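Take a look at the fold below. We will walk through it piece by piece, starting where two parts of the chain meet.

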Amino acid sequence: MIYKILSDTTGFFFDTKIRMKKVAIQGGLGAYHGIAAENYFGEEVEIVPCITFRDIFSAIQKEPNTIGIMAIENTIAGSLLGNYELLKNNKLPIAGEFKQRISHCLAALPGTSIHEVKEVESHPIALMQCTNFLDTLPGVRIIEHEDTALAAKDVADKHLTATAAICSTRAAEIYGLDILARGIETNKHNFTRFLIFGNRWVVDELQKEEVINKSSIVFTLPHTEGSLSKVLSVLSFYGISLTKIQSLPIIGREWEYQFYVDLKFSDLDRYHQSLDAIRPLISELKTLGEYPEGRQSEI
């Protein structure tokens, strides 16, 4: 919480509390999760850094008004399968989504030349996204790190003179590193889709005056021929668009799967009718969230 000093008409000053949204992210300051949170809300937020995605849910449990943001898929690396399970098991509804453009830079201690770099460290997915650039640095050792921003922090805190980090420009600025190269990702259409979630009352507040036209659901199907096709036909009949489907095996039930599905619609009532229509065809239906379709950051 921050405070702002205001003056009334008498000339006396008083304190007014201005509530800053508290957002739990995986990673350190300067991580793409934090950048996506600020872009989604369009304002500065108080970041609660977490080591793992699971820790985001622990942070919300500890402080129930905290908002969570978590990557769910990337246009290059694909889906983060474990995060689907976290959403389902923790039962925190989705409030919205944001598609963040991911642009990496190579950063090192001030005064370091790119020719002096002997090691490059970053998150495995970031390293994979910069393969073509890394190929231009022959002999450089590649080191996997838990987070892009924390890799930059390590270079600064440990004064690693021959090591560079692949991170966001924001992280490089926060930790006082020089940027040796910008836009080093192989594919410039590199986006990560983030989901925003929280306790029910937090989501209700965030969605005030929003138009709900998208949802994420999960269900299981009987192991019979054409079972998925029947569900999709019903959704089509009700004018519901399928924007994503992801299957995951059910642990302990060999060759049975649960399906995570994103749906888009223009009529909320008709969408609810479609769910009622598919219930006899499926089991274990859960709605992970109903929310407005998200914006996308600039390329």
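Between domain 1 and domain 2 there is 1 salt bridge. Which residues form it? Glutamate 38 pairs with arginine 170. Their closest N and O atoms are 3.1 Å apart. That falls inside the limit, because a salt bridge here needs a Lys or Arg side-chain nitrogen within 4 Å of a carboxyl oxygen of Asp or Glu. Helix α1, residues 32-41, gives the most to the side of domain 1 that touches domain 2. Its share is 3 residues. Polar contacts also link these domains: 9 residue pairs, both partners at pLDDT 80 or more. Keep in mind that this is a predicted model.

Now step back to the whole chain. How is the protein chain divided? Domain 1 is made of two stretches, 22-101 and 190-206. Domain 2 covers 104-182, and domain 3 covers 210-291. The contact between domain 1 and domain 2 draws 14 residues from domain 1 and 15 residues from domain 2. The C-alpha centres of these two domains lie 25 Å apart.

How much area do domain 1 and domain 2 bury between them? The value is about 1,100 Å². Carbon and sulfur atoms account for 55% of it. On the domain 1 side, look for Leu29, Gly30 and Tyr32. Together they supply 38% of the area that domain 1 buries against domain 2.

An unreviewed UniProt entry annotates residues 22-199 as "domain: Prephenate dehydratase". The end C-alpha atoms of that span lie 13 Å apart. The span is 31% helix and 32% strand.

Finally, inspect two residues with a backbone angle worth checking. Histidine 159 is not a glycine, yet its phi is positive, at about 50 degrees. Where does histidine 159 lie? It sits in the loop between α6 (148-157) and β11 (163-167). Is histidine 159 buried or exposed? It counts as exposed, because its relative accessibility is 54% and the cut-off for exposed is over 50%.

Glutamate 284 also has a positive phi without being a glycine. Its value is about 55 degrees. Glutamate 284 is found in strand β17, residues 283-291. With a relative accessible area of 47%, glutamate 284 is partly exposed.

Terms used:
Residues numbered from 1 in each chain as written. Predicted model: local features only at pLDDT ≥ 70, side-chain atom pairs only at ≥ 80, totals over all residues. Heavy atoms only, no water. UniProt positions renumbered as here; feature names shortened; annotations may be inferred. Helix = DSSP H or I, 4+ residues; strand = E, 2+ residues; numbered from the N terminus. Buried < 20%, exposed > 50% of the residue type's maximum accessible area, 1.4 Å probe, protein only. Domains from an automatic or database assignment. Contact = heavy atoms within 4.5 Å. Buried area = accessible area lost by both parts, 1.4 Å probe. Polar contact = N/O pair within 3.5 Å; in protein donor to acceptor, adjacent residues only side chain to side chain.
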